[in-house]
Amino acid sequence: MYLHGTAKVNGQGHLEIGGCDVADLAQEFGTPLYIVDEALVRQRAREYVESFRASGLKFQVAYASKAFSVMAMCSIAEQEDLSLDVVSDGELYTALKAGFPAQRIHFHGNNKTPDEINMALDANIGCFVVDNFNELHLLNALAADKGKKVNVLLRITPGVEAHTHEYISTGQTDSKFGFDLGNGTAYRAIQEAASQSNLDLLGVHSHIGSQIFEVEGFAMAVDKVAGFAVKVREELNITFRVINLGGGIGIRYVEGDTPLPIAAYVKAITDSIITNFTNASYPLPEIWVEPGRSMVGDAGTTLYTVGTSKDIPGVRKYIAVDGGMTDNPRPALYESKYEAVLANRINEPVSETVSVAGKCCESGDMLIWDLELPKVNSGDLLAVFCTGAYNYAMASNYNRIRRPAVVFVKDGAADLAVKRESLDDIVGNDVIPARLKQTSAAK
Ligand code: LLP
């Protein structure tokens, strides 16, 4: 059994996270429940920041809030001196509402709407990461309307394929994101951006994918970006002040996953930047990164209550929990694997193999196949690890199931960060058009 962060087994044989017995958390907050180990999030943030400090380069570590965007998380990011990457008006609003400093917000996305751009311009955010020519011209025009000049990075697609699931790899040429490096589009985009009077071109951005374990892909991307920077400087006399290398470091979901230590990743990319740019007598740029999963992924645990079970002799035994693909769509979407324990009887010997089903009306709603557990009873608590990234963020109300609460735990204290949705929340935006309200008597 692999326990992350502050997780441990307490004297009662219960799982404890952040000094809180999860059985008590289930009592107090109900299940399903997302539990966030605050100390582990802060530890990850510090690993990034300290590793960059050690490189001597100027840097920004922008937490990719898409992984888990809630106001409490923005507060932690602020306290840990992180910047923030947002990709929609919703994520931007969450950050601003949490009082996150706008100057440290970077706005991403391949189809920012005029309203979203105007909102970000009004908030005076720090940087727009421009994805395509439409956006380049739209942003320049909207900034001009407001008499502003805004910082931009251009997102380029370096032509690096990271070894990851195809839905989460983005650096290859055939991608919906960014200006392609290989076919000259990125070069044209630089010329175009430099000619727009309301844009201040800081440099370029590259993100090659997510849940990546090898350093090679990142190093290749740095080489390509550096080569491009040198060419642009020589031929166009434009010097990049910022290189943003995106996010992407993988985490350990299950045994066999071998993530790069954060410090090793940072050292590899900063060494490579220093070598490439120094060799070209190029002023060292600032390095920005955008970690999402590696900041919050292993700090999250989802706690469920086991309900029904179905034993098919000679085939398998299903146990069903009170959540499922609504709070964690990743197994259904990406065939992602997770580890889990029986959180209220964690030390008991393993005695059966079960497959964990969700409660949605869909056969694909399976969380874990073939999990070894002590004999499972209805009412037991199941804790699924590593659900901090892209779980709450991707949760849905399929089957009109309510999204769980989120609690942050630290040093024995458990504080609500997101309330559990109520049944009234479920119908909160519904409207019955007047013409449908006629009773049958009135017809
Ligand atoms: N920067 C950009 C431009 C991105 O597109 C992403 C992730 C990140 C940073 C953060 O990447 P990370 O450090 O988290 O790998 N829903 C999928 C992951 C989608 C990733 C999207 N972009 C999943 O559940 O695995």
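## The second largest pocket

In this predicted model, the residues that line the second largest pocket divide into 18 nonpolar, two polar and nine charged. The lining is made up of 29 residues, and those that lie nearest the centre of the pocket are Y338, E339, A340, I368 and L371. The volume of this second largest pocket is about 500 Å³.

## Aromatic pairs and a cluster

A pair of aromatic rings is described by the distance of the centres and the angle of the planes. With ring centres required to lie within 6.5 Å, the model holds 12 aromatic pairs. One of these is formed by F107 and F128, a tilted pair with 6.2 Å from centre to centre and 40° between the planes. Because F107 belongs to strand β7 (residues 105-107) and F128 to strand β8 (residues 127-130), this pair ties together parts of the chain that are 21 residues apart in sequence. Both F107 and F128 are buried.

F277 and Y282 form an edge-to-face pair, in which the ring centres are 4.8 Å apart and the planes stand at 80° to each other. F277 is buried, with a relative accessible area of 0%, and Y282 also counts as buried, at 5% relative accessibility. Elsewhere in the model, Y34, F68, Y392 and F408 form one aromatic cluster.

## Lysines over aromatic rings

The ring of F107, already described as a partner of F128, also has a charged group over it, since the charged end of K112 sits over this ring at 5.7 Å from its centre, inside the limit of 6 Å that applies to such contacts. A further arrangement of this kind involves Y187, where K231 lies over the face of the ring at 4.9 Å from the ring centre.

## Backbone details in loops

Most residues other than glycine have a negative phi, and most peptide bonds are trans. Against that background, the peptide bond from T31 to P32 is cis, with omega near -10°. P32 lies in the loop that runs between α1 (22-29) and β4 (33-37).

Two residues other than glycine have a positive phi: for S281 the value is near 50°, and for N399 the value is near 60°. S281 is found in the loop between α9 (262-279) and β13 (286-289), whereas N399 lies in the loop between β19 (381-385) and β20 (405-410). With a relative accessible area of 61%, S281 is exposed, while N399, with a relative accessible area of 35%, is partly exposed.

## Q43 and E80

Q43 is part of helix α2, which covers residues 38-55. Along the chain, Q43 and E80 are 37 residues apart, and their C-alpha atoms are separated by 9.5 Å.

Key
Residues numbered from 1 in each chain as written. Predicted model: local features only at pLDDT ≥ 70, side-chain atom pairs only at ≥ 80, totals over all residues. Heavy atoms only, no water. Phe/Tyr/Trp six-rings, centres within 6.5 Å; stacked < 30°, edge-to-face > 60°. Helix = DSSP H or I, 4+ residues; strand = E, 2+ residues; numbered from the N terminus. Buried < 20%, exposed > 50% of the residue type's maximum accessible area, 1.4 Å probe, protein only. Lys NZ or Arg CZ within 6 Å of the ring centre and 35° of its normal. 1 Å grid on protein atoms, 1.4 Å probe; cavity = no way out; pocket = protein on both sides within 12 Å on 5 of 7 lines; lining within 4 Å. Points joined across faces, edges and corners; volume = space filled by probe spheres on them. Nonpolar A, V, L, I, M, F, W, Y, C, P; charged D, E, K, R; others polar.
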